[in-house]
Amino acid sequence: MGLISGILMGMIFGVSLMAGWLQMMKYRSGKRIGKAVDIKTLSTLNRDDLRKICGDNYPEWISFPVFEQAKWLNKQLSKLWPFVAEAASAVLKESVEPLLEDYRPTAVNSLKFAKLSLGTVAPKIEGIRVQSLKKGQVTMDIDLRWGGDPNIVLEVDTPVGNIPIQLKDLQVFTVVRVIFHLAEEMPCISALLVALLSEPKPRIDYTLKAVGGSLTGLPGISDMIDDTVESIVTDTLQWPHRIVVPMGGTAVDASEFELKPEGRLTVTVVRANDLKNLEMIGKSDPYAVVHIRPRFKVKTKTIDNNLSPVWNETFELIAEDRETQGLTVEVFDKDIGQDQRLGIAKVRLSELEPEKPKEVNLRLLVSLDTLKVKDKKDRGTCTIKLLYHLFSKEEQLAALEEEKRILEARKEMKEAGVIESTADAVDASASGSSTTTGGSGIMGSVGRELSKAGKFMGRTITGHSKRIE
């Protein structure tokens with residue numbers, strides 16, 4: 001009897017244990033499924049939804065990545081890179097060399113590639129963001145990183161000789177914007193717009209090494225090459241500037257997608273105060289250079305032997321995108337040979353209200369790149385007055401023609417030997433007066449310089465100026 005009751009109790013205990021274990025597994029499974037459902041629901045919420053639920057107290061570990069990873073694309077790019085690099089090297093040399101000639105420093109006779117190869121290491125795509133910002137367009141932002149092994153040698157022809165300079169340890173950090181303009185016919189894309197986003201600012205790091213020599217024998221050559229690269233990127237590749245690529249199969253007017261003037265910035269360079277003296281004997285001879293795009297630089301007259309000069313000169317500059325562009329103000333010391341920069345400052349056009357005058361007192365810096373600033377000493381201030389005018393449709397078309405005339409005039413000035421580069425600052429005081437009395441805006445100064453060029457070449461060149469009201 002005791003044996004039978006023991007067996008019966010053991011069976012009951014065993015069945016109960018198994019039933020309890022099964023119930024616990026079922027409970028845990030239900031909890032896991034519930035958590036998975038909650039997590040899936042949370043994953044569909046955006047930042048605004050979470051703020052409605054939790055206020056501003058949601059955990060810091062919750063993030064909303066803007067860019068999606070594209071590991072598969074990096075694998076394919078690595079396979080294609082040997083072919084892409086070879087083709088891209090030829091295209092880059094053909095398209096960049098004319099820009100180097102246009103933007104080269106005045107102290108350099110010529111600047112071109114002796115060697116150009118993009119190497120074997122492919123760029124890495126950190127992420128991709130796809131947006132539909134406008135009807136009929138798809139915008140793709142590509143977060144690009146490249147720490148490659150290119151073989152780039154620049155042939156720099158200077159007054160002291162021909163020096164090959166190698167670009168080493170090249171690293172590129174930028175976000176590339178590609179805009180697809182859609183069409184109803186195959187291939188369903190009428191054109192591509194390619195540009196580098198201005199925010200975050202494109203970063204190109206490299207070191208310069210003279211092949212078979214030293215750069216110490218050429219003081220300032222490294223800074224001049226840095227400025228040239230910066231100007232080319234800012235004025236041709238950085239948004240709002242863009243490269244338009246028409247797609248085959250669909251007739252398209254590429255001019256529709258090109259950069260167009262948006263407004264006019266009237267700049268009055270009033271004065272500078274307490275400039276740094278770079279002269280061994282006497283004082284610096286300062287002049288100011290202002291520009292929105294490096295290709296359209298204008299400058300004031302030079303004030304001799306003065307660290308607090310008063311210019312009070314007015315210029316008119318064309319802006320293409322008030323939200324992303326800015327006015328750069330530089331002050332130089334006029335010197336024999338290469339002029340030295342006393343300081344630089346920048347004003348974002350987005351800080352200006354259309355048709356509302358504004359006076360700004362700018363603190364001059366050694367460089368706009370604060371990471372490169374080692375000299376923390378005060379370099380003085382520059383006072384300017386600004387007025388931004390938004391173009392009407394008619395004014396926009398007139399300004400576009402004005403820009404084209406300015407570029408043609410600059411090319412003629414370069415051929416005549418008045419300026420050595422189309423990116424040189426044009427002297428608006430060539431006739432001894434500012435733009436308010438000696439011609440209208442940039443074209444007034446261009447006309448005066450062309451007249452000088454005509455006399456120099458023994459022929460007459462007339463610069464036409466037209467004020468856009």
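Where does E355 lie? I found E355 in the loop between β14 (340-348) and β15 (358-363). Helices (H or I, at least four residues) and strands (E, at least two) are DSSP runs here, numbered from the N terminus.

**Ground rules**

I am working with a predicted model, where local features need pLDDT of at least 70 and side-chain atom pairs count only at pLDDT 80 or more, while totals for chains, interfaces and linings use all residues. Residues are numbered from 1 along each chain as its sequence is written, and side-chain values use heavy atoms, with hydrogens and water left out.

**Entry 1: backbone angles**

I started with E355, which has a positive phi of about 65° although it is not a glycine. Most residues other than glycine have a negative phi. E355 counts as partly exposed because its relative accessibility is 47%. My scale for this is: buried under 20% relative accessible area, exposed over 50%, partly exposed in between (1.4 Å probe, protein chains only).

I then noted D169, another non-glycine residue with a positive phi, of about 55°. D169 is found in strand β5, residues 161-182. With 54% relative accessibility, D169 counts as exposed.

Next I went to helix α1, which covers residues 2-43 and includes I7. I7 is partly exposed, at 48% relative accessibility. Together with L3 and M11, I7 forms a nonpolar patch on the surface with about 350 Å² of accessible area in total. For the record, patches are made of residues with over 30% relative accessible area and no salt bridge; like charges are joined within 9 Å, and nonpolar side chains (Val, Leu, Ile, Met, Phe, Trp, Tyr) within 5 Å. The areas come from the Shrake-Rupley method with a 1.4 Å probe, and for residues only the protein chains shown count as cover.

I also checked the UniProt record, an unreviewed entry, which places the feature "transmembrane region" at residues 6-25. UniProt positions are given in the numbering used here, feature names are shortened, and annotations may be inferred rather than shown by experiment. In the model, residues 6-25 are 100% helix and 0% strand, and the end C-alpha atoms are 28 Å apart.

**Entry 2: a four-stranded sheet**

I traced an open sheet of four strands in the order β12-β9-β16-β15, with antiparallel pairing. Why is one side of β12 and of β15 left without a neighbour in the sheet? β12 (310-319) and β15 stand at the edges, and each has a single partner strand, so one side of each has no neighbour there. Neighbouring strands of this sheet are turned by 25° against each other on average, direction ignored. (Axes are lines fitted to C-alpha atoms, for helices over the stretch in contact, and angles run from 0 to 180 degrees between N-to-C directions.)

Strand β9 (residues 263-273) runs antiparallel to β12, and eight bridges join the two. Two strands pair if DSSP finds at least two bridges between them. I picked out L265, whose bridge partner in β12 is L317.

**Entry 3: V347**

V347 lies in strand β14. V347 is buried, with a relative accessible area of 4%. I looked at V347 and T328 as well: they are 19 residues apart along the chain, and their C-alpha atoms are separated by 6.6 Å.

**Entry 4: salt bridges**

How many salt bridges does a search of the whole structure find? I got eleven, counting a side-chain nitrogen of Lys or Arg within 4 Å of a carboxyl oxygen of Asp or Glu.

- D141 and R129 meet in a salt bridge (2.6 Å, N to O). D141 lies in strand β3 (residues 137-146) and R129 in strand β2 (residues 124-131), so the pair ties together parts that are twelve residues apart in sequence. D141 is buried at 0% relative accessibility, whereas R129 is partly exposed at 22%. R129, D141 and R177 are linked in a network of salt bridges.
- R293 and E320 also meet in a salt bridge (3.4 Å, N to O). This pair links distant parts of the chain, 27 residues apart: R293 is in the loop between β10 (286-291) and β11 (298-299), and E320 in the loop between β12 and β13 (326-333). R293 is buried, at 14%, and E320 is buried, at 5%.
- E402 and R405 form a salt bridge, with the closest N and O atoms 2.8 Å apart. Both lie in helix α5 (residues 393-416), three residues apart, about one turn of the helix. E402 counts as buried at 6% relative accessibility, while R405 is partly exposed at 34%.
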